[in-house]
Amino acid sequence: MTGRLGIAFAALLAAMICGSPARPQDASTLKKDMVGQWELSTTERSKTCVVTLRGDSTAQGMRLELEPGCAAALPFTRDIAAWSVKGLDIVRLQDAAGQPVIDFTEVESGIFEGLRTGEGIYILQNLAAARSLAKSMDQMIGDWSMVRGNGRPICGLTLTNTETTPDNFAVFLKPRCDPAVTAFAPTAWRLERGELLLMSASGEVWRFEADDNAQWRRVPDSADPLIMLRQ
């Protein structure tokens, strides 16, 4: 998919990720829902690991399988021996003694977050959904036009797949951009939870959300909106 069709796909995906709140459920329902394949990753998927959660029990807890590359990508996974559900809504990946390696709670439907002290946040999400997100990131690569709400172009830019820092990719402005964009001077981009982020070297961030017209609109919205369109 390319052009507006690709953006429409990304908009649909954003709606799926951002528009579906975590559903209340009991522990038994959660346990059933978790059986299957999941992607364990850093927040922006620069390091990933496929985890298969099984429904049968072992001496350590519920059985799971980690793909061979997990330990290299995410070293803490070496300690994971089983999984369990604690309380009503905590999905625990635990060691052989039953102690937590990382605990996850659902923040959106099918998306769980867990924190490891000193390392940061990790994401556990349905494998099929995670791979769809990866495809949408590929569709973002290429030339874009930044326009005002009246359709007046103010800047051209290129999103690349060249990694600048972990999870961030290079963006280049084309000549004759509006002074406001030139002053912002974005150097990197990424997709984060259904939003497109443009980031400057100084740490400033512009956030864009896919809207119903298959385009990306800067948020928070304003009377003179800033919109990104695929070229």
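How many disulfides does the structure hold? I looked and found two, taking a disulfide as a pair of cysteine sulfur atoms within 2.5 Å.

Before going on, I note that this is a predicted model, where local features need pLDDT of at least 70, side-chain atom pairs count only at pLDDT 80 or more, and totals for chains, interfaces and linings use all residues. Residues are numbered from 1 along each chain as its sequence is written, and side-chain values use heavy atoms, with hydrogens and water left out.

**Entry: disulfides**

I started with Cys49 and Cys70, whose sulfur atoms sit 1.8 Å apart. The torsion about their S-S bond is about 85°, so I wrote this one down as right-handed. Cys49 is in strand β2 (residues 48-57) and Cys70 in helix α3 (residues 70-73), so the bond ties together parts 21 residues apart in sequence. Helices (H or I, at least four residues) and strands (E, at least two) are DSSP runs here, numbered from the N terminus. Buried or exposed? I found both Cys49 and Cys70 buried; buried is under 20% relative accessible area, exposed over 50%, and partly exposed in between (1.4 Å probe, protein chains only).

Next I checked Cys155 and Cys177, joined at 1.9 Å from S to S. That link is right-handed, with 60° about the S-S bond. Cys155 belongs to strand β10 (residues 153-165) and Cys177 to the loop between β11 and α5 (179-184), so parts 22 residues apart in sequence are tied together. Cys155 and Cys177 are both buried. Counting bonded cysteines along the chain, I get the pattern 1-2, 3-4.

**Entry: aromatic pairs**

I searched the whole structure and got four aromatic pairs. Rings of Phe, Tyr and Trp (its six-membered ring) pair if their centres lie within 6.5 Å; planes under 30 degrees apart are stacked, over 60 edge-to-face, the rest tilted. Trp38 is in strand β1 (residues 36-42) and Phe112 in strand β7 (residues 111-116), 74 residues apart. Trp38 is buried at 6% relative accessible area, and Phe112 is buried at 1%.

I also looked at Phe169 and Trp189, with centres 5.7 Å apart and planes at 40°, so that pair is tilted. Phe169 is buried at 17%, and Trp189 is buried at 2%.

**Entry: barrel**

I traced eight strands closing into a barrel, β9-β10-β11-β12-β13-β14-β15-β16, with antiparallel pairing; two strands pair if DSSP finds at least two bridges between them. For β9 (residues 142-148) and β16 (residues 226-230) I noted five bridges.
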